[in-house]
Amino acid sequence: QVQLVESGGGLVQAGGSLRLSCVASGSIVSIDVMGWYRRAPGSQRELVAVLTSRGNTNYADSVKGRFTISRDNAKNTVYLQMNSLKPEDTAVYYCNAALRAWGFGRGDYWGQGTQVTVSS
């Protein structure tokens with residue numbers, strides 16, 4: 001079984017910074033892609049940033065230049081450094097991993113989400 005556990009969310013003023021972390025644990029063989037998505041109130045979940053095992057990244061246009069995704073493969077951990085936060089960044093942020101697990105093959109896994117609130 002695989003679990004993704006996020007941490008680092010909270011309340012911050014506009015212009016501030018937060019760093020999210022997500023640790024994947026369990027019977028993991030390999031992780032292909034790790035990333036972050038978010039869902040704001042009344043909106044659908046959207047991609048924030050993803051990072052492949054080869055180091056390729058993809059960012060939402062709305063966060064380019066402000067957010068940075070990174071990964072520690074040895075620790076099965078992905079980070080999201082969020083700078084210059086804006087009120088419109090307020091959302092529940094979800095960690096996602098596309099990985100191979102022993103006995104389960106390749107699958108898509110989600111964390112429980114962490115709330116980020118940016119006050120104006």
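**Strands, a disulfide and salt bridges**

Gln3 has Ser25 in S3 as its bridge partner, and this contact belongs to the antiparallel pairing of S1 and S3, which runs over six bridges. The model is a predicted one, in which local features need pLDDT of at least 70 and side-chain atom pairs count only at pLDDT 80 or more, while totals for chains, interfaces and linings use all residues. Residues are numbered from 1 along each chain as its sequence is written, and side-chain values use heavy atoms, with hydrogens and water left out. Helices (H or I, at least four residues) and strands (E, at least two) are DSSP runs numbered from the N terminus, and two strands are said to pair if DSSP finds at least two bridges between them.

S1 and S3 are members of an open sheet of four strands, ordered S1-S3-S8-S7 and paired in the antiparallel sense. Its edge strands, each pairing on one side only, are S1 (2-7) and S7 (67-72). On average, neighbouring strands of this sheet are turned by 15 degrees against each other, direction ignored, where the axes are lines fitted to C-alpha atoms (for helices over the stretch in contact) and angles run from 0 to 180 degrees between N-to-C directions. Strands of a sheet pair through backbone hydrogen bonds, either parallel or antiparallel.

Because Cys22 lies in strand S3 (residues 18-26) and Cys95 in strand S9 (residues 91-101), the pair ties together parts that are 73 residues apart in sequence. The torsion about the S-S bond of Cys22 and Cys95 is about -80 degrees, so the disulfide is left-handed. Cys22 and Cys95 are both buried, where buried means under 20% relative accessible area, exposed over 50%, and partly exposed in between (1.4 Å probe, protein chains only).

Another set of strands begins with S4 and S5 (residues 46-52), which pair in the antiparallel sense over six bridges. The two form a hairpin with six residues between them, and Gly42 in the turn has a positive phi of about 75 degrees. S5 in turn runs antiparallel to S6, joined by three bridges, and in S6 the bridge partner of Ala49 is Tyr59. The hairpin of S5 and S6 has four residues between the strands, and there Gly55 takes a positive phi near 95 degrees.

How many salt bridges does the structure hold? There are six salt bridges, each being a side-chain nitrogen of Lys or Arg within 4 Å of a carboxyl oxygen of Asp or Glu. One of them brings together the side chains of Asp32 and Arg106 (3.1 Å, N to O). Since Asp32 lies in strand S4 (residues 28-39) and Arg106 in strand S10 (residues 105-110), this pair ties together parts that are 74 residues apart in sequence. Asp32 is buried, with a relative accessible area of 18%, whereas Arg106 counts as exposed at 53% relative accessibility.

Arg38, Glu46, Arg66 and Asp89 are linked in a network of salt bridges. Within S5, Glu46 is also the bridge partner of Arg38. The side chain of Asp89 meets that of Arg38 (3.0 Å, N to O) and that of Arg66 (2.8 Å, N to O). Asp89 is buried at 1% relative accessible area, and Arg66 counts as buried at 11%.

Key. A disulfide is a pair of cysteine sulfur atoms within 2.5 Å.
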